[in-house]
Amino acid sequence: MAESSDKPEETSEPSETVTTVAVITDEEREFAGRALLQFESGKYDAALNTISRLEETRPNDHKVLHNRAVVEFHKSNCTKTDEFRQRLQTVCSQISIKVNELDGLEDVDNGVLYYNQAVVRFHTRQYQEAANILEKLFQFIEPLEESLARKICMVLIDLYLLTYQAEKALHMVSYFDKMLFDPPGPGKGKDGGQDKEKDKDKDKAPEGGATPAVTKETAVETISPNEEFRPLVHQYKARCCLLAKSIKACKREIKAVINTQGMTSTTIFLKANFEYLRHNYRKAVKLLSSIPDAPRMIELGEWLPVMYYNDLGCIHFYMKKYNLGAFYFKKAMQENDNRAQQLPKREPGQVLSGRPLHTLAMNKHYELLYNAGIQLLHAGRPLAAFDCLIEAVQVYHSNPRLWLRLAECCIAANKGTPEEESKGIPSKKQMSSQGVVGSGFHRKLVVMSPNQKANRYTPSGQSSAIPVANLEFASICLKNATLLLPEESATKDAGNTGHAGSVQLSGHTLDSGDMLDGSLLGDSGCVAVPPGFPLKPAEIASLRCTVLACSAYVSLGLGDNVMALQHAQNLLMQPALSGSLKFLGHLYAAEALISLDQVSEAIQHLHPDNVSDVSVSIPGTMDSTAEKGKGSDEGEERESQAVHSQYYPHSLQSAKATLMFNLASAHCLRSEFEKAKKCLHQAASLIPPNEIPPQAIMLGVYLELQTGNTKMALQIIKKNQLIPMMKSNDGSAPLPTSTTPPSTLIRTKQKPRK
């Protein structure tokens with residue numbers, strides 16, 4: 001969920017001092033101070049005039065040139081971003097500074113130049129580059145001015161939150177809190193000035209964990225200038241706890257935000273996000289509905305209606321109301337497009353100029369498309385989901401999970417609905433006779449096959465690289481997902497080096513035990529999958545298994561049995577494999593081996609003892625829903641279990657029955673009809689009669705005809721069930737151990753994983 005927050009002062013700023021290269025006269029120092037006061041009061045024309053007089057005496061001073069660029073940028077209402085970025089680069093080249101190679105800070109005043117470069121990258125969504133610059137600048141933060149040090153910390157916290165680095169954000173918030181309300185002792189001041197050392201006791205604020213009441217008591221005569229940052233610090237702490245999914249610490253920090261800031265729109269978004277993490281979805285919806293109007297949100301680069309509808313869509317996704325969630329995402333996109341049209345148009349021939357700097361990252365079109373695509377895929381509308389995701393992949397092309405979702409859209413579009421594919425209830429239309437041919441002794445009954453639609457590759461003369469929702473394009477998507485995933489050895493090493501840590505936050509230790517899913521644990525080994533959370537090593541292993549299962553299924557659909565067998569065998573060799581994917585791996589491998597006429601190997605995959613579990617979670621992983629808040633929607637969690645049963649066998653008995661049905665068909669191919677009947681009868685006894693698939697009923701008819709029992713075959717057709725076979729005397733016969741080849745009748749569809 002998105003949450004609103006008052007952004008820190010991320011605007012560019014000039015430096016007061018002129019230079020240390022030449023001697024500074026008193027007149028030049030007076031001009032520099034006057035220009036700074038005029039800039040801070042918003043008198044940009046007067047500031048430019050003052051800077052022009054400075055340029056007459058110091059034409060080659062890089063600080064004067066930098067200050068002119070900053071003032072002119074603010075005079076244009078921060079709209080001439082391209083020109084400002086070019087002038088910053090010119091100033092850096094003049095003094096031989098490489099922004100990405102900050103090894104030392106010879107002149108303290110050059111810190112402003114690095115900061116401004118990072119700010120431009122922040123607003124143009126170059127978060128990693130901005131973080132790299134500020135992290136290097138943070139190493140020399142002690143001698144910097146206090147105001148600049150505060151801004152560096154605030155932008156770094158925002159960058160860590162935007163890039164989902166909870167641990168780094170928590171450490172930076174802790175440092176920022178101490179810097180504001182618990183300054184260092186003598187000799188460790190920011191600027192080393194004597195005035196600040198003298199006023200340190202006077203300006204020192206209470207500890208970070210103090211309540212607002214204590215703050216008012218301590219500030220009887222004068223209020224510390226840093227006291228205005230206290231609501232922002234609590235807000236940062238709450239956002240960090242939300243990102244780390246620390247329920248206890250988050251509840252404490254949100255209370256502090258409410259006490260210091262009141263029930264503003266920002267506070268309501270934070271509280272709604274908190275209830276969302278606790279699975280109190282209805283309470284989160286109620287909180288979002290009470291958000292007041294916030295006209296300043298546009299000035300801060302946020303659009304309240306877009307955030308509101310997006311959050312509602314996310315909540316309804318976890319409430320399993322996919323169509324309603326898709327409706328809210330559509331509303332969010334409409335609001336986003338309407339507001340985007342109201343923004344000033346970009347200047348001709350310019351990439352960034354024409355719009356204010358803080359509005360460059362306001363358009364959330366592709367993030368909303370991504371959310372809508374996932375929602376539509378779960379709603380059973382794969383073609384609409386494909387249209388959304390194929391547009392989002394133009395921006396998030398490095399996301400392996402997005403390529404998997406595109407492949408799942410193609411698979412779902414080429415298959416029937418989940419009810420048709422997995423319920424296995426034969427309809428009267430499927431099994432009823434289609435007519436009678438001949439008469440007398442030659443009278444024949446025509447029965448329609450329940451699986452007439454072939455799903456094989458049919459060349460159409462069109463390149464498979466063209467984005468179309470078919471299996472050919474699904475194969476390309478799965479190859480991209482495989483290439484984007486790290487090597488298995490790298491994932492294992494990253495998983496082994498993970499460590500449990502703790503962070504001191506407002507006097508409370510926040511360790512890994514506070515987390516719902518261990519989000520605070522080391523960031524090493526994670527794979528960035530924007531716009532979502534980074535994938536941890538365990539999630540990478542799970543994603544690799546899902547990609548392999550889908551690849552095997554698609555290869556079978558395209559008739560490429562060699563690649564299907566390779567993917568299935570690779571899937572079965574994965575160390576962290578869920579029971580459901582293991583079941584699919586054996587099923588796909590058996591079908592590929594039968595098509596390759598490798599009987600002895602295929603029969604080993606169809607043995608019922610190969611399946612001992614049909615769960616969709618990886619063994620040994622921590623269940624993220626184990627800890628829930630009071631009043632969480634338990635009924636919706638039970639509903640999610642029912643969703644899984646549409647794509648996977650709902651029980652171990654059902655999975656074994658599926659393997660035995662296929663084993664019976666294998667015996668049938670080898671003309672071992674008695675063994676096939678025993679397997680079919682034993683499989684039918686494991687599941688209720690209404691869950692027997694139509695393919696098994698047709699197989700029973702075929703076996704009765706082959707053994708000469710025409711009357712029994714007619715009875716099966718009329719009753720549309722295998723009841724006559726279930727009444728045979730050898731119902732308890734053991735499973736035959738023949739090495740005859742199986743023929744896959746039922747191919748279970750791979751479920752799109754969340």
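Start by selecting Ser671, which lies just after α31 and has a positive phi of about 65 degrees; helices here are DSSP runs of H or I with at least four residues, strands are runs of E with at least two, and both are numbered from the N terminus. The model is a predicted one, in which local features need pLDDT of at least 70 and side-chain atom pairs count only at pLDDT 80 or more, whereas totals for chains, interfaces and linings use all residues. Residues are numbered from 1 along each chain as its sequence is written, and side-chain values use heavy atoms, with hydrogens and water left out.

Now select residues 652–669, which form helix α31: its 18 residues reach 26 Å from the first C-alpha to the last, close to the 26 Å expected at 1.5 Å a residue, where the expected span is 1.5 Å times one less than the number of residues.

Zoom out to the whole protein chain, which has 35 helices and four strands, and in which buried residues make up 51% of the 754 residues. Its accessible surface comes to about 35500 Å², with 51% of that belonging to carbon and sulfur atoms; such areas come from the Shrake-Rupley method with a 1.4 Å probe, and for residues only the protein chains shown count as cover. Among contacts (heavy atoms within 4.5 Å) between residues at least 6 apart in sequence, 69% join residues at least 24 apart.

The next stop is His62 in helix α3, a residue that counts as buried at 11% relative accessibility. Leaving aside neighbours within four places in sequence, His62 is in contact with Val91, Gln94, Ile95 and Asn110. The side chains of His62 and Asn110 are joined by a polar contact of 3.3 Å, a term for a pair of N or O atoms within 3.5 Å where, within protein, one must be able to donate a hydrogen and the other to accept it, and where residues adjacent in sequence count only if both atoms are side-chain atoms.

Turn next to the salt bridges, each a side-chain nitrogen of Lys or Arg within 4 Å of a carboxyl oxygen of Asp or Glu; a search of the whole structure finds 21 of them. Select Arg87 and Glu72, whose closest N and O atoms are 2.1 Å apart in a salt bridge. This pair links distant parts of the chain, with Arg87 in helix α4 (residues 81–94) and Glu72 in helix α3 (residues 62–75), 15 residues apart. Arg87 is partly exposed at 25% relative accessible area, and Glu72 is partly exposed at 24%.

Within helix α4, select Asp82 and Arg85, which form a salt bridge with closest N and O atoms 3.6 Å apart and which, being three residues apart, are separated by about one helical turn. Here Asp82 counts as buried at 12% relative accessibility, while Arg85 is partly exposed at 32%.

Finish with Arg230 and Glu227, a salt bridge whose closest N and O atoms are 2.5 Å apart; Arg230 is buried at 3% relative accessible area, and Glu227 is buried at 14%. Elsewhere, salt bridges that share partners join Glu55, Arg68, Glu72, Glu83 and Arg87 into one network.

Notes
Buried < 20%, exposed > 50% of the residue type's maximum accessible area, 1.4 Å probe, protein only.
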